[in-house]
Amino acid sequence: MLSVFVRSALTKYRRSWLPGQAVVRAMSSSGGAVSPYTTLAISHPAESVTHVELHRPDKRNAMNRAFWSEMVDCFNEIAGDPGCRVVVVSGAGKVFTAGIDLMDMAGDILSPEGDDAARIAWNVRKVITKYQETFSVIEKCPKPVVVAVHGACVGGGRTSSSSSSSSHRHSVSMNSDVRDQISQSYISVDLITACDIRLCTQDAWFQIKEVDVGLAADVGTLQRLPKVIGSRSLVNELALTARKMFADEAKSSGLVSRVFADKEAMIAAALEMAGEIAGRSPVAVQGTKVNLIYSRDHSVAEGLDYMATWNMSMLQTQDVMKSAQASMEKKSPKTIAFSKL
């Protein structure tokens, strides 16, 4: 039905539209990372593409207090940025991320405030929901997010031997072995399962570590991973045994869609993929992401009804005509100058 609608209107529309300059140009690394954040490096390697890099390489990109708020601020800004159409997330240094930086966050995690059990529980809940939002904001962002994982994608905030003495002075007092074990909470999978497309290198490995330290994962893994992998048995095995999953199994199970020989090849592919996405209509791309997520959490009938309501307005865009014309002329969508959204 849509093809009939497009063809009937295309003849009239063709006279009023001339193809514009391509939205996405050749990939380049022009411009270094410029960021208002302390834990993230933000750059724009191509038109309409934003690269968000976890950037504490000396701490294995461990997630400190600043990270949890900066990710929210960053993705809220990206969500409202009409110049951004797709996001690439990666990690600086040797690993994607080591998870929670316990030495920085011990007070929040291990010493919650409160005069009695009810008040302590209330404050713990506030902390947990704050952490949950750090990754939910990625999923809520209407721009597609491609995450590129290299090395370890495992929790843990063990402070390295280079940690400052001040970090030790302000850490909670406990046995160092216990502290290191508690730090092995699995936050990285929470992050990547909130992303739309997952890539990794051959040396990447993944692990759900929480059961080893006496808790259940609480910021997204247990909710999103079953939807990502699809095999409830495999999810249960990974979550209950805390075993490592390596790159080949991650691909075969659907956790990642592609595996690359090294980080350089992976980042190049991620940016190329981002360019392909950015070259399409932002109305179509963002509408696709929103409806994919909605359908994941609703019945087929509910998803179809939501889709009909969505497209009753979104089909009234010039992007449909522009895309149809390019297709009929055997041109790439990237030759179309789509308006910002």
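Guide: Let us go from the overall picture to the sheet, and then to the helices.

Visitor: What should I know about the model and its numbering?

Guide: This is a predicted model, in which local features need pLDDT of at least 70 and side-chain atom pairs count only at pLDDT 80 or more, while totals for chains, interfaces and linings use all residues. Residues are numbered from 1 along each chain as its sequence is written, and side-chain values use heavy atoms, with hydrogens and water left out.

Visitor: How many helices and strands does the protein have?

Guide: Helices (H or I, at least four residues) and strands (E, at least two) are DSSP runs, numbered from the N terminus. Here there are 14 helices and nine strands.

Visitor: What share of the residues is buried?

Guide: Buried means under 20% relative accessible area, exposed over 50%, and partly exposed in between, using a 1.4 Å probe and protein chains only. In this protein, 46% of the 341 residues count as buried.

Visitor: How do I read the sheet, and in which order do its strands stand?

Guide: Strands of a sheet pair through backbone hydrogen bonds, either parallel or antiparallel. Two strands count as paired if DSSP finds at least two bridges between them. In this structure, six strands make an open sheet with mixed pairing, in the order E1-E2-E3-E4-E6-E9. E1 (40-46) and E9 (258-260) are at the edges with a single partner strand each, so one side of each has no neighbour in the sheet.

Visitor: Which strands pair with E3?

Guide: E2 (residues 49-54) pairs with E3 in the parallel sense over six bridges. Within that pairing, Thr50 stands opposite Val87, and Val52 has Val89 as its bridge partner. E3 (residues 86-91) also pairs with E4 in the parallel sense, over three bridges; there, Val88 is partnered by Val146.

Visitor: Is E3 mostly covered or uncovered?

Guide: E3 is mostly covered, with six of its six residues buried. Val86, Val88 and Ser90 point one way, while Val87, Val89 and Gly91 point the other way.

Visitor: And what about E4: where do its side chains point?

Guide: Val145, Val147 and Val149 of E4 point one way, and Val146 and Ala148 the other way. Five of the five residues of E4 (residues 145-149) are buried, so this strand is largely enclosed by the rest of the structure. E4 is also joined to E6 (residues 197-201) by four bridges, and the two run parallel. In E6, Arg198 stands opposite Val147.

Visitor: Now the helices. How do H2 and H4 pack?

Guide: An α-helix has 3.6 residues a turn, so residues three or four places apart point the same way. For packing, axes are lines fitted to C-alpha atoms, for helices over the stretch in contact, and angles run from 0 to 180 degrees between N-to-C directions. H2 (residues 65-79) and H4 (residues 117-140) pack at about 25°, with axes 9 Å apart. Angles under 35 degrees count as roughly parallel, over 145 as roughly antiparallel, 65 to 115 as roughly perpendicular and the rest as oblique. H2 and H4 are therefore roughly parallel to each other. Contact means heavy atoms within 4.5 Å; among the residues making it are Phe67, Trp68 and Met71 of H2 and Tyr131, Phe135 and Ile138 of H4.

Visitor: Which residues of H8 are buried?

Guide: In H8 (residues 221-229), the buried residues are Thr221, Arg224, Leu225, Pro226 and Ile229. Their cover includes H4, H7 (188-192), H9 (232-241) and H10 (247-253). After H8 comes Gly230, with a positive phi near 95°.
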